[in-house]
Amino acid sequence: NAVCMINNGKQVDEVHTKYWQFALEHSDQAAMQEVAGTWYVEQVSPDGVSVQRLYVTYDANGLYSYQDQTCSAISCSQNQGYGRWAAVRQADDSIYISINFSDLNNTNACTGLAVVVQGNQLVTPGVNASGATRVQ
């Protein structure tokens, strides 16, 4: 899809649509190949009460999917989504990933993040020191 939506697909997200269209038009196949794979990240809430386990798959052909599980001491909830992604190499050699996805709560929602691949780690500069670990 060439547009990004908010309010569960009811309204066009003009700002993210511009980023998404730019990423599609300027997608860097070498950057996509560098990121391609399945990545795992585990995050514990600041209060230590819950944990999120997330698997994200970036296929080199632009397909995207994720599965996550969030657990508290009482129960766990699961979610999954799918869509497309594109990558653009930035001037500082980081890679900007733009994602257009749908899941139980979103229809053609878009998000993006800048990453650096460091061995088997996918790190978001200035945000997380450990990042995601490549599992496939």
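Q: How many bridges pair strand 5 with strand 6, and in what sense do they run?
A: Strand 5 (residues 63–71) and strand 6 are paired in the antiparallel sense over nine bridges. Strands (E, at least two residues) and helices (H or I, at least four) are DSSP runs numbered from the N terminus, and two strands pair if DSSP finds at least two bridges between them.

Q: What sort of model is this?
A: This is a predicted model, in which local features need pLDDT of at least 70 and side-chain atom pairs count only at pLDDT 80 or more, while totals for chains, interfaces and linings use all residues. Residues are numbered from 1 along each chain as its sequence is written, and side-chain values use heavy atoms, with hydrogens and water left out.

Q: What do the strands build overall?
A: Eight strands form a closed barrel in the order 3-4-5-6-7-8-9-10, with antiparallel pairing. From one strand to the next, the twist averages 35 degrees. Angles run from 0 to 180 degrees between N-to-C directions, along axes fitted to C-alpha atoms (for helices, over the stretch in contact).

Q: Where does helix 1 lie?
A: Helix 1 (residues 14–25) lies across strand 6 (76–89), strand 7 (95–103) and strand 8, at about 55 degrees to strand 6. Contact means heavy atoms within 4.5 Å.

Q: Changing topic, how many aromatic pairs are there?
A: The count comes to seven aromatic pairs. Rings of Phe, Tyr and Trp (its six-membered ring) pair if their centres lie within 6.5 Å; planes under 30 degrees apart count as stacked, over 60 as edge-to-face and the rest as tilted.

Q: Why is the pair of Tyr19 and Tyr96 tilted?
A: Their ring centres are 6.4 Å apart and their planes stand at 40 degrees, so the pair is tilted. Tyr19 in helix 1 and Tyr96 in strand 7 are 77 residues apart.

Q: Is Tyr19 buried, partly exposed or exposed?
A: Tyr19 is partly exposed, with a relative accessible area of 47%. Buried means under 20%, exposed over 50% and partly exposed in between (1.4 Å probe, protein chains only).

Q: Which residues form the aromatic cluster?
A: Tyr58, Tyr64, Tyr66, Trp85 and Phe101 form one aromatic cluster.
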